[in-house]
Amino acid sequence: MNSNIEAGILGGIQVAAVVAAAPLLNGFIKKIKARFQLRQGPPLLQGYRDLAKWLSRSEHIAESSSFVRVLAPAGVLAATVAAVLFVPVFSERTPLPASGDLIVVVGLLALTRALLTLGGLDSGSAFGQMGSSRELAVGALVEPVLLLSLAALALQPQSTRLGDILAFGDAHPREFIGLGWALAAAGFAVVLVAETGRIPIDNPDTHLELTMIHEGMLIEYSGRSLGMLHYAAMIKQLLLAVLLVNLFLPFGMARFDGLPGYALGTTLVVIKVALAGFALAILESALAKRRFFELPDLIGAAAFSAMLGAGVTVLFA
Amino acid sequence: MDDNLLATCMTLLLAACVSSSVPALGRFRPALVLSALASALALAAAVHVTGTGEATTLTLWEPSRYATLELRLDPLGAVFAAIVGGVGLACSVFAVSYARHRPIDDLVYPLFLLMLLVVTCAGNVYTFLAAWEGMALASFALVLGDGAPRPRRQAAIVYLVMTHVATVFVAASFFIVAKESDSAEFARMDGSALSVPLASLAFLFAVVGFGTKAGLIPLHIWLPRAHPVAPSHVSALMSAAMVKTGLYGIARVGLVFLGPGEPWWGIVLMSAGAASAVLGVLYALMERDIKRILAYSTVENVGLITVGLGAAVALRAEGRDALAGAALTAALLHATNHAWFKTLLFLSAGSIQRAAHTLNIDRLGGLARALPATGAATLAGSLAIAALPPFNGFASEWILLRALIGAGGAGGGDAVQLTSLMVAGAIALTGGLAVACFVRMFGIAFLGIGRTPEAVAAREPSPIMAGVLSALAAGCLATGIASAWVVRWLQSVPAAVLGAPAAQASHGGQLALTGGGTFSPVVIAVALIALAPLPWLLARMVFGASSQTQGPVWSTGVAFRSTMQYTGTSFSKPLRLFFGRVLLPERQIEVIYHGASPLPRLVRYSGRVPALFEERLYLPLRALALWSAGRLRLLQSGSVQAYLLYMMAALAVLLVVAQ
Amino acid sequence: MIAAAVLCLVLLPLAAALVIWTLRLRGPAGPLSIALSGIMLAAALATFVRVQDRGPQTAFGDWIYIDSLGVIVLTLITVVGLCAALNSQSYIAHDLARGDLRVEDEPRYYALFLAFMATMAAVPVVNNLGVMWVAIEATTVVSVLLVSIYRTGHSLEAAWKYLVLGSVGIALALFGTMMTYYAASATIGESASALNWTELRATSVQLDPEVMRLAFIFVLVGYGTKVGLAPMHTWLPDAHSQAPSPVSGLLSGVLLNCAVYAVLRFRVLTIDAVGGSYADHLLIGFGLFSVALAVPFLVVQHDIKRMLGYHSVEHMGIIVLAVGIGGHVALYAAMLHLVAHSLTKSSLFFAAGSVVQAFNSRSMHRMRGLLRVTPVAGAGVVVGALALAGLPPFAMFTSEYGLLLGAFASGRAVIGVVGMLLVALAAASLLHHTITAAYHEPRPNAVAHGISVAAILSVFAPLALLLWVSVAPPARFNQALDEAVAVLEARR
Amino acid sequence: MSYEFASDAIDVLSIAMLIAALGIVWTRSLGWALVLFGTQSSMLAGAALHAGLATDSPHIVAAAGLTAMVKVIAAPALLWLLLQRLPTSHDAQPSVGQRTGLVLAVLIALIFARTLDAQPFRTAIGAERVLPTSVTVMLIGIQVMVTHRQALSQVIGFLVLENGMALAALTAAYGMPLIVEFGIFLDLLLAVFVAFVYTQRMHVIFGSLDTERLRSLRG
C-alpha cells in the first residue's frame, strides 16, 4: 500500500518537474543559438516571462470559430502532460508503469497533433489551414519512424514499457548498443527535430506566414489559449528530448533504487538534456530550412533507417 | 434461450418484409421499426452466446434433398452477429426519419438484415452460400434503388457481378474442406488433415472469395463505387456489417477449418491487409465526397482487421498461441469498434446530406456551428476512426501493434518477424494518414465558414437522427474507456479457436495480454479528463479571469471571404505530392490572358487521382474479354456449310479418339 | 387409364390439329388450343400420380412405357405447353394486327402448335427407342414449320438451317439407334421388341461393348444436335430467336428436354454395356465445351432472344455436365436443373415476347427502361433473369450447389469449379444486360404498353411454380426426382 | 439363295453405291446428280433384297420394296419436278473445285474405312466390308452438303447420307423392326417435302437457291 503512495508522490514530482523545466530548456536553446550568432540573446528565464504575459492577456476570438477553439488548447496541453505520465525521467520507474507504454505515448502525441491541426483549421484563416495541412503531412510521415525506432528498442527486452527498455539498456549495454540501436537513434533524432518544429524541417523563430508550420496553426490564437499552446509545445520538446536521451543513453539510470538512485538519475538527465539542447542549437545554426516539398526525402531516409534498425535488431538479436 | 431469441428475430424480420406491402401502415414505417426490434434481439442473443461461449443451433427446413437450412451460432459467428444486430438497430432507428418512403426498399431492407444475420450464424455450407448470395442480391437492390443515374446502375452491377463470381471461390474453398471431413456441417468440418498444397489452395480460394466481399485490395474496386450511391443507412449497414462477413469467412476458413496451417498464409494475409490499409487511407485522403472518403476508409479498416487475422494465422502456425490470441482479439475488437464509428460517420453523412443537400466537402464548411449535435458526434467519430485515445479505435490499434511488436520479437521464423515489424510500420503510417484524412474531412466540412448558401443555411434535420448520432458517439467513447471489459467479452472466441484466452481484464479496467504488455484505457481517460481543465483553473487562480473580445478573422487586412479558405483538394496537396509515385496524380492548368497584359484573366485548374486498379488492371482485362468474345463470335458465321463442318469435325474427332 | 391418358396426350391434339388445318378455323382455334393443353396437363398429372403410386406404367401391349424419368419430362411439356397456349393468344393477335402474320397463317399456327405438343408428348411415353426416334424427327419437322411461320428472309434462313442441321443430326442418331438394335438383336433376338427400353434395360449388361461404344458416339452427336450441345448448337440461337416467342418458349423449355431424355436413355445402356466412365467423360466433355462456348456469345449479345437461346445452350451444357459427373447428388442436381430450366426459360421467353412486341425490336439497346415501358413484362424478365442466373431463392442455385457438391464427392473437383466459374461469367453477363435494359432511362417517345391477363399468367405461373418447388417442394416432387435418379443410376 | 452369293452381291452393290456417291460429288449438274442418286437407291434396294432373301426375313424384303418406292421413284421425281418448275440454273454450284472435292471424298473413304475396319461386325451374311462402306457413304453425303452452295445439292447430300445409313441398317444389322422402318421412311418423305416447300419459298424470297444468301443471322 505504501509503495503506491510513494510511487504516486514520486510521479507527481516527476510531472511537476518536467512541466516546470520545459520553458528553461527552450530558453537555454535560444541562448546558445544567440551566442552562435554573436549576440546577447534573451535571458534564460525569458520563457517564463512570455508565458506569464500570454496567460494574463485577454483573448481575441474569431467570429467564425466553433467549440473546437476551446477544445484544442485544453486537449493539446492535457494530452502532452498525460504523455509525461508514461515516460521514465529520473529513473526506470515511470509514474504509471502498468497503464501505458510506448504505443500509448505515440497515440497521445498523435492526439496532440490532431487537436492542434483542428485548432488551426477552426477559424478558417488560410494561414492556420496551411499550417495544419503541412503539420499533418509531416506528422503522417513521422509517425511510422517514431513507432519503428521505439519498437526496435523494445524487441530485445520483449516489452513495450519504456521503463523496461531503460532498465534493459542499463543492465546489458553491450547487447543494447549496436547497429540497430544506432539506426533507430538516427531515426528518432529526425523525429525530435520534426515534432518540435526545428530547422531543417520547420523554423520556430520565423513570423513569415508562408514558411512556418507549427507557428502557423497558432496564428488565430491569442492570450491565455496561445499561452497554453506554447506551453504544450515546450513540454513536448522537453518530453521528446528526455525520451531521446533516456532511451538511447540509459546508462546509470537504473543502477540504484531509492533516494541515491533518483539523485544520480536527476543529475544525469539534466546533463544529457543540456547536451541535447546544445546539439539542437548547433544544428539550428549550422543548417538552413529545407524546402517543404523536399521533406519526404529527409523523413523517408529516417523511416528507412528506423525500419532497417528494426530489421537488423530482429535478424541479429 | 438463444435459439428462440434467434427464431423470434427471424420471424420479426420476415414480418417486417410482409408489413412493407401494407400501404395503410406506411406512415409508421413498420418495416423499420420491426427491423430495429429484430436487430436488438439478435444483438442480445449474440452477446449472450459470445459471453457464455456455448453455441446454439436451430434447424429450419429442407429446400432440397441434400440441402438443409440450418443455423448454428457459435462464439466466432456471434461476434459478427452482434455487429450486425447493433448496426442494424442504429440504422433502422436512424432510417425511420431519414429514409424516403419507397415500398421496395421497405421490403428489401429487412430482407438484407435477415440475410446478414443468417450468414453470420449459418450452420452448414448450403445455408451460408444461400444467405451469402441473398445478401449480395438484397444489397444490390438497395444500392440500385430506382437505377436512376448511370453511375449508380453501373456501380450496382459491378458489385453484383464481382460478388457472384467470387462466390464460386468461396464454395470451392468450403467444398475442399467438406470433402476432407465428408460433412457439410460447419461444426464437423475440419481440414487440418488436408495435404499442404490442397489446404493452401483452400486458403487462397477463401482469401480471394471473401476478400472480394471484404474489399481487400485489389478486389476492392466495387466498394468505393457502391457505398456512396446507396442511402446512408444502407451504406452504414454495408460498410459496418456486410463487409465484416467477408472477414468472418476468412477467419472461419483460415483459423477454424484449416487448423494450424502455414506461416506464409499469415504473411500473405498481413501483406494484403497492410496494402489495403495504406492505399485505402491514401485514396480516402484524395476524395472530396464524404461517403467516398468513408468507403475508402472501410477498405483501410478492413485492411487493419485482415492484418490482425493474418498475424493470428502466422503466429498460430508457429505455435505462439498467446500472441496469436492477442492478434485475433485485436482483429475482433477492431471489427466491433469499426462498426461503432463507421456507422456513426455514415449516418452523420446522411444527416449532412439531409441538411446541406451535398456531401462534397469543398461545398460545405462551418457546419459545426450550424449542426452542433452532428458536428460534435462527427468529431468524436473522426477521432475514434483516427485511432486516437481515449476512443475505441485506439484500444484495438494498441492490441494490434502490441501483438505485432511481440511477433517481431524472438521466438518465430525470421520471415514472420520481419513482416510483422514492417506491417507495424505500415499500420503506424496508416494511423498518421488516418489522422490527416479525418482531420481534413471534419475540418474542411465542419470548421471555418460555409462555402455555399446551402452550407450556411443548414439546420439540424431531426432530433431522432441527432439522438442516434450522439448515442453512437457516446458508444465510441464508452467502448474506448471500457475496452478491457469488451475484450473480456470477446475472450470466448480465442479460447474456442486457439484453445487459450488471450487477454485478462482486471477489475480496474486494465487490459493485460497473456503475450505480454498491459494498458489501461480508464487511467488514460481519467488523466486526460482531469488534466484538461486543471491548467485553466490554475491560470484563473494566478492571473485572474481572462476577458474575450470578438472580431473577424485576420486575412491580411482584406475582408474575409469563404473562398479564402482551404479546400479538400488543396489541404491534401502536400500528401498527394509526397506519395506522388504511388498515386500518380494528374492535373491540367489552363491560364487565359487578357489580350497583351501579362496578368492572367482566368486560371482553370482540373486535377484528379486516377483509380489505378480500375484503369490499369480491370479495364484492360474487360477490353481483352470483349475483344476475344468478338473474335470468337465469328464462329457463328451464318453459313450452313460451316455449321455442318463443325458437326463433321466433332464426329470425326470422337470416332478417332474413342477407339 | 394410362391408355386413355396417352390418347389424350398424343392423338387428341393431332386430331384437333388436323381439324383446325383442314377447316381453316380462325376464331375458335386459340381457345381450343388452350382447352386441349389443359386436357393434356390433366392427363399428364394423372399419369404422374399413377406412376408415382404404382411404379412404371405400360399400355398398348408394351409399346407405351412411362417411368418416373419419362413422366417428369411429360409433365413439364404439358405445363409449359399450357402456358405457351395462353401466351399465344395475345402474341398471335398482336402479330396479326400488325400484319407480321398473314390471316390464313393463324389456323396453321394453332394446328402446328397442337401437332408440336402431340409429337413432343409422344417422346417420353414410347417404349421403343426406334419409335422415339420417329417422334423426335416428327417434332423437328413440325417445329421447323413453326419457326418459318413468319415468311421473312430471316425466319426462312433460321428454319432452313434448323432443318438441315436437325435432319443430319437425327440421321446420325438413327445410325446410333440402329447399332444399338444390332447389339440388342445379338442377345434379345431379331424381334420388334429388341429396341424396347424394358428389354434393353434388362439385358443391357450383355450388350456388345465395342458396338455400344460406337453407337453412343453417334447418338451423342446426333441427339446432341437436338439438345444444342456445342459444337452442334449453331442452329439453336437462330431458330429460337426467329420463332414466335410462345414457340421459342416451347423449343427452349421442353423440346431440348426431350432430346436430353433420349441421350439419358442411351447413357444408361452404354454405361451398363461399356462400363467405366466412357460415357461420363464424353458427357463432361460436351457439357463443359457447351458452357465454355456459350460465354463469349453471351458477353457481346444484344438480341434478347438470341441471348436466351445461348443460355439454353449453356444450361443444357450444365445438365449434361452434371449427368456426366455422376453420383446420386450430381444426378439429383441435373434433374432439378432440368425442371428449373424449363420453367424459367419458358417464362423468360414469354415475357421477352411481349417486351419485343412492345418495343418492336429485339435489340436490348433499344429496350431502354423496360420496367417503365412494360412494367409487368419487364418485372417478369428481371425476376426470370435472377432465377436463370442461379441466385437464391430459386432452384437453380440449389442445383448448381448440388453439381459442385457432386463434383467434389466424385473426385472431379477441378471440372466442377471450372464449370461453375464459366456459369458465373455467363450469369454475370445476363445480369448486366437485363438490369441495364430494365433500369435504363426510357427513350423520350416510349409509350407504356399494357399486357393481357393470359400473357401475365403465362409469365408468372411458371415462376410461381419454380418458387414453390425451390423453397418448399412438396414430398411428391422430391420423390419424383429420387425415382428419376434411380432410373439414371446404371447397375455397373 | 446361299449366304456366299448374297454377301458377294452385297459387297459389289455397296462398292457401286460408293462409286455413285463419288459421282454425285464430281458432277456439277443437278440433273445428273438426281440420276446418280436414283441409281444408288436402286442398288440399295437390290442389296436389301439380297439380304432379305438370304436370311429369309420378310421385313427386310418389305423394306427393300419401300426403299425402291420412296427413294428410287418418289424422292427423285419430287426433286426433278421442282427443278423443272424453278427457272434456276441446274448448276450444283460446288464451293470447291471438282478435283479437290473428289480428293476429299477419297480421303474420307480411306480414313474411315481403316478406322472402322477393326469393328468386329459379324453378320449372318458375313458382309464385313459393309459397315465401313456405309459410314463412308454417310460422310460423303455430309461432304456433299458442306461443299455445295445450292440448296438442292444439300438435299441430295442429305439423301445420300440416308442411303449410307440404310445400307448398314438393311444389310449388316438385320434391318429394323418394320414399324420403325415405316416410321423412318415417313419422316424421310416429310423432310424432303418440307425441303421442297422451302426451296420454293427461298426462290420466291431470294430469287435463287444459293445458300450464301442465307448468311445474315450471325453472332
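Chain B contributes 69 residues and chain A 74 residues to the contact between them, two residues being in contact if their C-beta atoms, placed from the backbone, lie within 7 Å. The side of chain B that touches chain A draws most on helix 16 of chain B, which gives 16 residues; helices (H or I, at least four residues) and strands (E, at least two) are DSSP runs, numbered from the N terminus. By class, this side holds 44 nonpolar, 22 polar and three charged residues. Here Ala, Val, Leu, Ile, Met, Phe, Trp, Tyr, Cys and Pro count as nonpolar, Asp, Glu, Lys and Arg as charged, and the others, Gly among them, as polar.

The model is predicted: local features need pLDDT of at least 70 and side-chain atom pairs pLDDT 80 or more, while totals for chains, interfaces and linings use all residues. Residues are numbered from 1 along each chain as its sequence is written, and chains are lettered from A and ligands numbered from 1 in the order in which they are written.

Strand 1 (residues 59-62) of chain A pairs with strand 6 of chain B in the parallel sense over four bridges; pairing requires that DSSP finds at least two bridges between the strands. Within this pairing, A:His60 stands opposite B:Thr549.

In the contact between chains B and D, 13 residues of chain B meet 13 residues of chain D. Helix 27 (residues 640-657) of chain B gives the most to the chain B side, with seven residues. That side has six nonpolar, six polar and one charged residues.
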